[in-house]
Amino acid sequence: MGLRERVRAICRRCRSVERREVAEFRRWAENTDNLVRLSALVFVPLLIALVTLLSNAVAALPYLLFPPLASGAYTLFVRPESRYASPRRFVGGITAGAICGWIAFVAAERLLPSAAGGTVPPIAAASAIALTAIVTWVLDVEEPSAFSSALLVLVVDMGTGTVVLRPLSLFVLELSPRSAYVVSVLLSTALVAGAFAVWDKTVYERRATYLYGTTHGDDHVLVPARGENDAESATMAARIAADHDAGKVVLLDVLDGIDADVLAAHRGEGDPESVDEADAERVRGAAERLDGIAERLRADYGVPCEVIVASGDPAATVLDTAERANCDLVITPYETEDGALSPYIRTVLSGPVDAIVHRSTGTTDWRRVMVPIARPGDTAHAMVDFASRLAGDDGRVSVCTCIDADGSRRAAEHRLSNVVETFDGPVETRVARAEITTYIEENAGAYDLVMLGSSGERSTASRLISPPTFKRLKEVDCDVAVVDRGDVGR
């Protein structure tokens with residue numbers, strides 16, 4: 001191998017590693033808890049640095065402004081869904097605390113002038129906390145950092161001199177140190193709250209658009225015609241694809257023992273008289289059947305449909321056709337062999353394309369969908385996304401998880417909330433203290449479809465110790481769909 005080829009090989013490996021690292025980072029960031037912590041790590045230090053520039057205009061206030069500001073800003077970004085993550089509460093609470101502390105000190109200084117003596121009067125500290133609690137409660141701006149600002153204003157320079165405040169160099173104010181502190185708190189909290197509001201609207205509330213692949217993908221769906229319920233699987237594909245304007249369905253039938261010249265003749269690229277008539281009839285029959293399904297899907301769901309008849313190894317042909325037809329999702333009927341998943345299904349699930357394995361009971365109406373989730377992340381989001389598309393505006397999606405102790409309930413509810421809060425449709429959450437397989441078997445009768453995640457993200461040892469949930473489900477009274485996110489996580 002020459003030098004140029006070696007350099008190219010090294011570059012290809014580097015790009016491959018880079019893509020894997022980017023995919024891993026994207027998958028990590030799709031966990032809402034990780035996203036908000038990353039945002040806090042990035043935005044809070046930058047905002048504090050920006051506020052430092054503002055506070056440099058107040059020479060008497062070196063660091064007293066920062067403790068309540070930093071703690072409050074961290075709460076904003078790390079808990080954006082909490083009651084304290086409100087710009088109004090953040091600005092109003094911290095500023096109200098500073099004002100209450102200022103009032104408490106002035107009152108103590110005038111009522112008990114001998115108690116000051118160059119130190120903070122204890123009565124002023126107690127009054128500052130009490131007054132802050134009352135004011136923030138009455139105004140509904142309760143904020144933990146408000147009590148920090150109420151106490152810190154007491155220890156501002158007690159001299160009688162004035163402080164020159166030049167906010168953004170627009171005008172000049174001559175204020176006492178404590179009044180300057182209050183003004184600085186107001187300006188700095190307003191700056192941080194404004195940045196948070198922009199981040200919340202443009203990044204956090206729209207994180208599904210930026211992070212989750214299913215919100216802008218999985219609209220070109222390939223359906224292999226296999227088994228007795230492939231028409232139902234094709235209907236599932238149409239309902240998923242129809243949710244996107246650019247959606248389409250590709251119906252594929254892979255025939256065994258068909259020569260390439262027979263397929264070429266069927267496409268009008270060869271001489272039909274030179275091919276075996278029996279094989280040609282098989283191809284025509286498969287194409288006519290798929291055309292009938294495609295015509296129904298076009299009429300019922302308004303989604304474009306293509307029909308492909310091919311020959312070769314079923315799994316390899318499915319994955320190759322998905323790539324050639326630019327499909328980003330494969331929905332295939334469920335198959336078993338000797339009580340386990342068939343080699344065909346295992347190959348499709350281990351492929352690079354998102355896949356749904358559909359075990360059908362014959363229904364094409366999935367208005368009530370159960371989505372059991374073990375952990376947050378891209379697969380969980382994909383399952384809820386697919387379930388929401390299938391249920392539609394008139395249906396209902398129930399996202400659930402199981403715990404083994406009541407002490408885990410609050411954390412489980414938080415995880416489910418992070419997963420579903422990006423969806424606008426009717427999605428409910430449930431936390432059950434039960435074993436997951438038992439819970440599904442006992443409640444599946446109330447649903448039309450149970451959508452599960454595959455075990456692609458788990459290690460081989462983990463799967464041996466605890467088999468995937470869908471393998472442990474014997475009989476349920478509804479459809480079952482197993483979702484795999486392609487190469488994500490592998």
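Predicted model: local features only at pLDDT ≥ 70, side-chain atom pairs only at ≥ 80, totals over all residues.

Modeller: Residues are numbered from 1 along each chain as its sequence is written, and side-chain values use heavy atoms, with hydrogens and water left out.

Biologist: How are two packed helices described?

Modeller: Two packed helices are described by the angle between their axes and the distance between the axes. Axes are lines fitted to C-alpha atoms, for helices over the stretch in contact, and angles run from 0 to 180 degrees between N-to-C directions. Helices (H or I, at least four residues) and strands (E, at least two) are DSSP runs, numbered from the N terminus. Here helix 3 (residues 66–78) packs with helix 6 (residues 144–152) at about 175 degrees, and their axes are 8 Å apart. Helix 3 is therefore roughly antiparallel to helix 6, a term for angles over 145 degrees.

Biologist: Which residues in helix 3 and helix 6 meet?

Modeller: Contact means heavy atoms within 4.5 Å. P67, P68, S71 and G72 of helix 3 meet S145, S148, S149 and L152 of helix 6.

Biologist: How is strand 11 paired with strand 10 and strand 12?

Modeller: Two strands pair if DSSP finds at least two bridges between them. Strand 10 (residues 368–372) runs parallel to strand 11, with five bridges joining them. Strand 11 also pairs in the parallel sense with strand 12 (residues 427–433), over seven bridges.

Biologist: Is strand 11 (residues 396–403) largely buried or exposed?

Modeller: Buried means under 20% relative accessible area. Six of the eight residues of strand 11 are buried, so strand 11 is largely enclosed by the rest of the structure.

Biologist: What covers the picture for strand 14 (residues 479–484)?

Modeller: Six of the six residues of strand 14 are buried. D479, A481 and V483 lie on one side, with V480, V482 and D484 on the other, and both faces are covered. Strand 9 (residues 354–359) runs antiparallel to strand 14 and is joined to it by five bridges, with I356 partnered by V483. Strand 13 (residues 449–453) pairs with strand 14 in the parallel sense, also over five bridges, and M451 stands opposite A481.

Technical notes. Parallel < 35°, antiparallel > 145°, perpendicular 65-115°, else oblique. Buried < 20%, exposed > 50% of the residue type's maximum accessible area, 1.4 Å probe, protein only.
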